Amino acid sequence: MLIGYMRVSTDNDRQVLDLQRDALLGAGVDERHLFEDRAGGSRRDRPGLAAALAYLKSGDCLVVWKLDRLGRSLPHLLETVNSLRARGVGFRSLTEQMDTTTPQGEFLFHVFGALAQFERSLIQERVQAGLAAARRRGRRGGRPMAIDAEKLAAVIAALDAGATKASVCRTFGISRSTLVDSLARIGWSPALNRQEGGTSGSSTDIDRGTDRTAVRPAD
């Protein structure tokens with residue numbers, strides 16, 4: 001059975017939602033098996049996605065319009081799809097033409113996994129280089145780092161993926177002052193095209209699940 005998932009950032013994205021719905025219906029998803037969220041991509045609490053994942057069973061296939069509709073970041077996307085595979089559930093993204101139920105799609109997914117591992121290695125290298133640079137500048141004394149290198153690498157990955165500092169603090173259970181201090185120590189700065197708090201995953205995003213309750217027909 002094909003299960004569709006849609007996501008838009010705000011209530012004003014009606015056209016984008018209709019575009020996703022039309023694409024999913026055209027791919028063979030039944031109207032009764034569509035789930036949706038109105039929330040920024042970096043939000044962790046997405047009831048529509050949670051409902052869709054709970055509804056899926058072995059042999060089903062989760063279908064999305066684009067990869068960014070599902071994952072908050074590449075690591076999160078890979079984690080979600082790996083979880084589906086472990087349950088015997090397939091995954092299709094229509095725009096990227098990825099289908100893990102085919103050999104080609106499986107290969108592409110493994111390539112994505114390798115890229116994610118490469119990204120994690122680069123982030124960890126940046127963290128270690130930043131700490132070493134801070135030590136060379138004479139910052140040997142004072143308070144020790146409040147966030148260890150592994151956790152800091154995960155924090156940076158979330159920020160690079162578009163999460164706001166406020167959402168990162170909530171997710172990782174750290175204070176804003178601790179976050180700012182840790183980032184300053186390693187010399188991290190946001191991308192030039194990203195303004196503070198200006199991502200789609202801000203705390204002002206509306207996070208509402210689908211109004212539709214799908215009922216699975218008897219096998």
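1. A residue counts as buried when its relative accessible area is under 20%. That cut-off is handy for this predicted model, where Thr100 has a relative accessible area of 10% and is therefore buried.

2. To find Thr100, look in the loop between β5 (98–99) and α4 (103–136). Setting aside neighbours within four places in sequence, you will see Thr100 in contact with Val81, Gly90, Phe91, Gly105, Glu106 and Phe109.

3. Now turn to Arg85, which sits in helix α3 (residues 74–86). Its relative accessible area is 31%, so Arg85 is partly exposed. Again leaving out neighbours within four places in sequence, Arg85 has contacts with Glu106, Phe109 and His110.

4. How far apart are Arg85 and Thr100 in space, C-alpha to C-alpha? The distance is 8.5 Å, while in sequence the two are 15 residues apart. Glu106 and Phe109 are among the contacts of Arg85, and they are also among those of Thr100.

5. The crossing of α5 past α6 is right-handed.

6. Which residues bring these two helices together? From α5 come Lys151, Ala154, Val155, Ala158 and Leu159, and they meet Lys165, Val168 and Phe172 of α6. Sorted by type, the residues of this contact are six nonpolar and two charged, with no polar ones.

Conventions
Residues numbered from 1 in each chain as written. Predicted model: local features only at pLDDT ≥ 70, side-chain atom pairs only at ≥ 80, totals over all residues. Heavy atoms only, no water. Left-handed = near helix turned anticlockwise from the far one by under 90°. Helix = DSSP H or I, 4+ residues; strand = E, 2+ residues; numbered from the N terminus. Contact = heavy atoms within 4.5 Å. Nonpolar A, V, L, I, M, F, W, Y, C, P; charged D, E, K, R; others polar. Buried < 20%, exposed > 50% of the residue type's maximum accessible area, 1.4 Å probe, protein only.
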